[in-house]
Amino acid sequence: MTGKENDTPKTEKQDGEEKQEKKAHHTGGNARPPVDTSLLPPKPKEEDVVKVKHAASGVMLPLDVGARVSCRWRDGQMYPVRVIERRAGPKGVLGQEEYEYYVHYEQFNRRLDTWVTIADMDLDTAETDDDKKKRKAEEVDEEHADFDPNALREHEECTKVRNILSVELGRHQMDTWYFSPFPPEYTTCKKLYFCEFTLNFFKRKEQLQRHLRKNEMYHPPGDEIYRNETRGRTAAFFEIDGKKDKIFCQNLCYLAKLFLDHKTLYYDVDLFLFYVLCEVDERGYHIVGYFSKEKCSEEGYNLACILTLPAYQRKGYGKMLISFSYELSKKEGKVGTPERPLSDLGLVSYRGYWTRELLAILKDPSRAVMSIKDLSELTMIKTEDIISTLQHLNLLAYQKGAYVICAAPEIIEKHLKEAGSPGVEVDPSKLIWTPYNAEKEYQNFRG
């Protein structure tokens with residue numbers, strides 16, 4: 001899923017009461033929060049850089065930020081890259097052989113950006129000045145077409161270089177994918193060590209070990225609202241109030257941003273509930289992923305941000321998170337939809353869920369003819385999402401001012417097969433949960 005970037009919380013006091021503005025971490029959006037430039041890596045001054053011609057290729061080095069050239073990937077093949085940033089090498093010498101370049105492989109996702117040297121490059125493929133002019137005239141960012149261009153440029157500028165390269169969480173070590181705005185004292189750390197139960201993070205392993213010796217909690221804070229054993233694995237969900245367990249939720253956002261590109265991370269998490277999915281074993285509860293939702297959403301959003309950690313991906317947990325968000329909506333009796341805009345991958349994931357849920361109902365011969373409204377009431381899927389899904393499947397016609405579902409049994413079976421498995425299934429009977437009561441919290445606040 002996609003999201004937005006870093007912000008600083010704002011609080012206004014009116015008539016003696018604290019008025020909190022909406023500050024969330026979303027699946028997408030166009031907000032342009034302020035950038036803390038202290039989090040960006042230092043760059044040598046351009047006037048101090050001495051350009052030298054490379055003997056073999058004739059290319060002037062160091063390469064400029066924005067330059068295009070072919071570069072070796074981990075499979076040994078050469079691919080076109082764009083230079084995102086450059087820095088003096090380990091020896092600190094500003095000569096051409098001592099520069100490192102942070103590059104984006106143009107055929108791959110941004111999460112695969114990395115540091116390389118000119119030894120990895122084919123300088124004979126470096127673009128000329130004419131190539132640069134032509135490319136700038138034609139360049140369009142299609143991947144993030146739904147985002148505000150100014151917000152996108154600001155986001156990419158302040159997040160273009162990963163600051164934390166890897167994290168250790170329990171038994172798993174994971175390479176990170178994106179920049180995350182950790183406090184300045186952590187931005188020089190290439191690796192961070194997280195406590196998998198409290199999400200406190202440390203610069204050194206021995207600090208984590210000391211913390212673990214003192215820690216007596218082997219599960220997330222909040223309330224366990226679901227537990228079920230399936231496929232030989234026990235899965236549990238915790239509901240965590242961002243206002244009550246602020247530090248845990250903020251640390252969860254820091255961690256999540258390392259694996260989400262356009263995600264907004266706000267320090268004020270008070271207005272959100274976090275639903276953390278864990279695998280349970282004799283050692284405790286191990287965080288698999290989470291989703292968050294606004295306590296009160298005027299737009300009817302039932303999910304703001306969603307993440308399955310890399311170590312647990314491709315195991316059906318992402319589908320489980322989506323399914324669980326709708327089980328909460330059913331329990332609330334409210335139609336829900338994820339916050340927009342969705343990334344391409346996010347749309348595919350949701351469309352798969354919507355397809356499986358809707359067609360499972362339409363294929364049931366015991367049910368009477370279903371309308372869009374009927375489907376929405378049964379699934380708590382928003383009518384607009386139902387319409388867009390059925391249109392995508394070519395199962396919807398518009399006749400005489402009304403939508404008509406045209407779903408032959410063999411076509412339904414074909415689409416269900418293409419939609420794939422539901423992943424780790426949610427058993428609604430195992431959900432023990434009371435929906436959030438905004439009025440009660442307001443009374444407690446007033447009291």
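View 1. The protein chain has ten helices and 22 strands, where helices (H or I, at least four residues) and strands (E, at least two) are DSSP runs numbered from the N terminus. This is a predicted model, in which local features need pLDDT of at least 70 and side-chain atom pairs count only at pLDDT 80 or more, while totals for chains, interfaces and linings use all residues. Residues are numbered from 1 along each chain as its sequence is written, and side-chain values use heavy atoms, with hydrogens and water left out. Of the 447 residues in the protein chain, 49% are buried; buried means under 20% relative accessible area, exposed over 50%, and partly exposed in between, with a 1.4 Å probe and protein chains only.

**View 2. The open sheet of five strands.** The strands of this sheet follow the order β14-β15-β16-β17-β19, with antiparallel pairing, and two strands pair if DSSP finds at least two bridges between them. The edge strands, each pairing on one side only, are β14 (223-230) and β19 (305-308). From one strand to the next, the twist averages 20 degrees; axes are lines fitted to C-alpha atoms, for helices over the stretch in contact, and angles run from 0 to 180 degrees between N-to-C directions.

**View 3. Helices lying across the sheet.** Helix α4 (residues 246-257) lies across β15 (233-241), β16 (272-281), β17 and β19, and runs at about 75 degrees to β16. Helix α5 lies across β14, β15, β16, β17 and β19, and runs at about 55 degrees to β17.

**View 4. C305 in strand β19.** Strand β17 (residues 284-294) and β19 pair in the antiparallel sense over four bridges, and S292 stands opposite C305 in β19. C305 is buried, with a relative accessible area of 2%. The structure holds zero disulfides, a disulfide being a pair of cysteine sulfur atoms within 2.5 Å; for C305, the nearest cysteine sulfur is that of C253, 7.1 Å away.

**View 5. Helix α7 and its buried face.** In helix α7 (residues 372-379), the buried residues are I372, L375, S376 and T379. Seen down the axis of α7, these residues fall within an arc of 100 degrees, so they line one face of the helix; the arc is that of the directions from the helix axis to the C-beta atoms. The cover over them includes α5 (317-332), α6 (344-362), α8 (383-392), β21 (396-399) and β22 (402-405). Just after α7, M380 takes a positive phi of about 65 degrees.

Key:
Contact means heavy atoms within 4.5 Å.
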